[in-house]
Amino acid sequence: MATAAEIQQIYKDVLGRGALSSGVNYWLGTGDSIEKIRDDIAQSDEAKDKVQDLYTELLGDDRVADFAGNDQNASWWTGEEGLAANEAGKGTLAAVKSNIMLSDEYKNLHDDSTDDVIDDITGDP
């Protein structure tokens with residue numbers, strides 16, 4: 001069973017914001033495991049909107065993250081290797097952003113070398 005602090009951390013990691021008390025109480029009331037809660041939040045419409053925002057920011061206004069199955073990458077970002085990951089260094093919007101920036105699609109759009117992309121991720125000039 002998850003704790004309130006764990007649920008708050010999931011909200012920060014996956015959605016980039018703190019949970020409202022009603023949200024924490026809802027998840028505590030389910031009795032679900034921390035893994036199930038993370039997976040459910042990562043699959044939420046709000047999480048998908050966050051991934052879409054990253055696609056637009058990094059890959060262009062016309063790049064749609066199609067979660068209905070036409071874009072396997074979009075679904076991957078909200079799955080077990082993306083926002084639903086329970087491993088250190090994964091499961092955060094920052095990690096998803098970094099990984100999108102390491103993609104060939106991003107590099108081709110920005111005509112960046114790997115060193116330039118790493119500088120973009122770390123904020124180095």
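I read the elements of the protein chain from the N terminus on, and they run α-α-α-α-α-α-α-α. My tally for the chain is eight helices and zero strands. I note here that the model is predicted.

Next I looked up burial. Of the 125 residues in the protein chain, 35% are buried. I also checked contacts between residues at least 6 apart in sequence: 50% of these join residues at least 24 apart.

Then I turned to a helix pair. Two packed helices are described by the angle between their axes and the distance between the axes. For helix α1 (residues 4-15) and helix α3 (residues 34-42), I found that the axes come within 10 Å and cross at roughly 30°. I logged the crossing of α1 and α3 as right-handed.

Which residues make the contact? From α1 I listed Glu6, Ile7, Ile10, Tyr11, Asp13, Val14 and Leu15. From α3 I listed Ile34, Ile37, Arg38, Ile41 and Ala42. Sorted by class, the contact of α1 with α3 has nine nonpolar and three charged residues, and no polar ones.

Last, I looked for aromatic pairs and counted one. The pair is Tyr26 with Trp27, with 4.9 Å centre to centre and 80° between the planes. Planes over 60 degrees apart count as edge-to-face, and I recorded this pair as edge-to-face.

Terms used: Residues are numbered from 1 along each chain as its sequence is written. This is a predicted model: local features need pLDDT of at least 70, side-chain atom pairs count only at pLDDT 80 or more; totals for chains, interfaces and linings use all residues. Side-chain values use heavy atoms; hydrogens and water are left out. Rings of Phe, Tyr and Trp (its six-membered ring) pair if their centres lie within 6.5 Å; planes under 30 degrees apart count as stacked, over 60 as edge-to-face and the rest as tilted. Axes are lines fitted to C-alpha atoms, for helices over the stretch in contact, and angles run from 0 to 180 degrees between N-to-C directions. Helices (H or I, at least four residues) and strands (E, at least two) are DSSP runs, numbered from the N terminus. A crossing is left-handed if the near helix is turned anticlockwise from the far one by less than a right angle, and right-handed if clockwise. Contact means heavy atoms within 4.5 Å. Ala, Val, Leu, Ile, Met, Phe, Trp, Tyr, Cys and Pro count as nonpolar, Asp, Glu, Lys and Arg as charged, and the others, Gly among them, as polar. Buried means under 20% relative accessible area, exposed over 50%, partly exposed in between (1.4 Å probe, protein chains only).
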